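Hello,

Here is the structure I promised to pass on to you. My notes on it follow below, and I hope they are a handy start for your own look.

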Amino acid sequence: MENIFVFIELESGAITKSGIEVLGKARELADKYSKQVVGLVLGNDFNNFAGLLDCLARLGADEFLLAESDKFTDYNSEIYGKIICGEIEKLKPQIVLLGSSKIGKELAAQISAKFLSCCFQDCVDIDIEGDFLKAKRLVLAGKAFVTLKSKCSQFQVATLRQGIFQPKIIGKDAEITRMDVPADLVSRIIRKEFTGRTSGKVSLLGAKIIVSGGRGMKSGENFKILEELADVFGGAVGASRGAVDLEFRVFDDQVGLTGKTVSPQIYIACGISGAPQHLAGITQAKFIVAINKDSGAPIFKAADMGIVGDLFEIVPLLTKSLKNLKGEK
Amino acid sequence: MNIIVCVKQVPDIEKPVKIAGKVIDESSDFVLNPLDEHAIQQAVIVKEKLGGKIIVLTLGPERAKQALLRCLARGADEAIHLKTDNDCNFDSTAVSVILAEKIKTLPFDIIFFGGKAVDTNSGDCGVQVAKIFGIPCIPEIIKLEIDNEKVVAVRQVDNGEEMVECSLQAVFTCQKGINELSILPLPKIMQAKRKPLKVEDVCVNNRFSEIIDLEVLPNKRGGLILEGNPEEQVKRLVEIFKKQGILRE
Ligand SMILES: Cc1cc2nc3c(=O)[nH]c(=O)nc-3n(C[C@H](O)[C@H](O)[C@H](O)COP(=O)(O)OP(=O)(O)OC[C@H]3O[C@@H](n4cnc5c(N)ncnc54)[C@H](O)[C@@H]3O)c2cc1C
């Protein structure tokens, strides 16, 4: 039976939401086309995360490979790439799936170069036709969808966009195998420093509601009103490049061409003009609301609903009425 | 320092996208990929500090020459145009294999790419070329310091920024923020035309994927502007949210 190989990223010892989704999709394809799902997890000190293994076992894989080493505590592209490509070489899977985080994408590109195969990044849909992977992706600054079909029958690589694919819980525990990890893992890349930079509490990727602010917010402090609005929904706060450049928010919050591509149910853009580079990140939002004082701002053409007005008046009013509504219930 | 910069010509995304069949309509406006412009600028910054030579490389049809001329104007010393007639858009592996084949014949310490191209939205090629050569790649850097064979770079990662050190040879892909682009003065644009630009015909035989369909997303958005005073506007918006059922939990 052909294999679908899934690399599962951990974050502080826990499986990521994206990892769960990728496993879910892999299971779905495996059931449909009778294939095996083999998952690979790299980490350090699995025994300290006992719950992790129990949780992993039922997420869709037939088998899990665990690779344990203190070298895996922090991501290193060379070391991770070497271990993953080594396993892929042994297993010769038909398909390799990863989440479309920066790590996932980087590893995907490495795998495709190593095995000379296709590389489909950040897919919103995938399927198998005959022996070949078919994938749908957002291209041309979010303005078009391309559907691609692989010409390789092995090692076909794809990363899946977060928040689109459904997790699965299966009844049977996956077999868990501990891998031998070479002791002499070295890299020419050495991490010197890491600065964690999430100022918003809820992550933009996968958020159902996103409230974003632009240069029109005037200051970083003023983003408080957006946080209050986002809190009502349990949503996330994003920003335009304009706001990030002025240091109102950190880059991690940036939405758009050079920032994050998001797909929430509702996107509320406050004091954002709607430059094509910003719109590139939000074409997959189900419903876009624009609040801007300039009726000629291009954001209104890209929105489902617009309010021409002062955001400092509209946003608090909106927060208040939503809170009242919640209070009634 | 021998520096290679790989660039790409892309459709201008500030304009509406035009598609002909399964590919970009050739009557579209094309520009140098914005992040590649930062890549060439970074090469110039490195050369100014350490000396050396910058070769800029592209794979693309006839029109891609314009992108090379822009790089020459920014400060590249030489350009190589790997000319194709079949555009291998969306097949990053095919592109990387051909780029690597050419780069193999050139001396280099550093290769720069743009972080990703606005048309394919993948950012694969830098990582792939590095893997083909078995050298380190630091993608999406926003800072770079080079001193005596040692390089310190800051890259954007999923939840923050990472500062790493690495040895050369290496590949770096450039993210916005790494440098400021100066305005190109006319004399430089004129001089660029006199710099060496080699054209080599290549055939992309080895394809790893094919395009089945390319469709522009319709703009389905209503663009409805809510009338009334702020209270009325907000009231209508809340009604809409209620209808969408997102206020339930
Ligand atoms: C290569 C490249 C990549 C880029 N990548 C990105 C990206 O990833 N993401 C991104 O966002 N941009 C990106 N940009 C930048 C983009 O082109 C715009 O410059 C940027 O999006 C503008 O940000 P803004 O809308 O906040 O600011 P502005 O364009 O200045 O708009 C501010 C808006 O706020 C409104 N406003 C002001 N005060 C109020 C008020 N009190 N109430 C209501 N409205 C008010 C104004 O009417 C105006 O429309 C990129 C650019 C390039 C060249």
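A salt bridge here is a side-chain nitrogen of Lys or Arg within 4 Å of a carboxyl oxygen of Asp or Glu. Please keep in mind throughout that this is a predicted model. By that rule, Asp173(A) and Arg58(A) form a salt bridge through their side chains, at 2.6 Å from N to O. Asp173(A) sits in the loop between strand 10 (156–160) and strand 11 (175–178) of chain A, while Arg58(A) sits in the loop between helix 2 and strand 5 (63–68) of chain A, so this pair ties together parts that are 115 residues apart in sequence. Over all chains, a search of the whole structure gives 41 salt bridges.

Now to the interface. Here 79 residues of chain B are in contact with 88 residues of chain A. The two chains bury about 7,300 Å² between them, and 59% of that is on carbon and sulfur atoms. Three residues, Lys131(B), Asp158(B) and Arg221(B), supply 10% of the area that chain B buries against chain A, more than any other three residues.

How many salt bridges does the rule find across the interface of chain B and chain A? There are 6. In a salt bridge between Lys102(A) and Glu140(B), the side chains meet at 2.9 Å, N to O. The interface of chain B and chain A also has 39 residue pairs in polar contact, counting pairs with both residues at pLDDT 80 or more.

Several elements of chain B give two or more residues to the side that touches chain A, among them helix 3 (92–103), helix 4 (125–133), strand 9 (137–147), strand 10 (150–157), strand 11 (160–167) and helix 6 (230–244). Helix 6 of chain B gives the most to that side, with 10 residues. By class, the residues on the side of chain B that touches chain A are 38 nonpolar, 19 polar and 22 charged.

Next, the ligand. Residues from chains A and B surround the ligand, so the site is shared between chains. Of the 28 residues around the ligand, the ones that come nearest are Arg215(A), Ser240(A), Thr258(A), Ser273(A) and Asn292(A). The shell divides into 7 nonpolar, 14 polar and 7 charged residues.

- A backbone N or O atom of Leu257(A) is 3.0 Å from an oxygen atom of the ligand.
- In the side chain of Gln277(A), an N or O atom lies 2.8 Å from an oxygen atom of the ligand.
- Asp310(A) has a polar side-chain atom 2.9 Å from a nitrogen atom of the ligand.

The ligand exposes 990 Å² when taken alone, and the protein buries 82% of that. In chain A, helix 6 (241–245), helix 7 (276–279) and helix 9 (311–328) are the elements that give two or more residues to the shell around the ligand.

Finally, two points of backbone geometry. Most residues other than glycine have a negative phi, and most peptide bonds are trans. Asp45(A), however, has a positive phi near 65°, and Asp45(A) lies in the loop between strand 4 (36–43) and helix 2 (50–57) of chain A. In chain B, the peptide bond from Leu168(B) to Gln169(B) is cis, with omega near 5°. Gln169(B) belongs to the loop between strand 11 and strand 12 (170–174) of chain B.

Best wishes, and happy viewing!

How values were computed:
Residues numbered from 1 in each chain as written. Chains lettered and ligands numbered in written order. Predicted model: local features only at pLDDT ≥ 70, side-chain atom pairs only at ≥ 80, totals over all residues. Heavy atoms only, no water. Near = heavy atom within 4 Å. Polar contact = N/O pair within 3.5 Å; in protein donor to acceptor, adjacent residues only side chain to side chain. Areas by Shrake-Rupley, 256 points an atom, 1.4 Å probe, with all protein chains shown as cover. Helix = DSSP H or I, 4+ residues; strand = E, 2+ residues; numbered from the N terminus. Nonpolar A, V, L, I, M, F, W, Y, C, P; charged D, E, K, R; others polar. Contact = heavy atoms within 4.5 Å. Buried area = accessible area lost by both parts, 1.4 Å probe.
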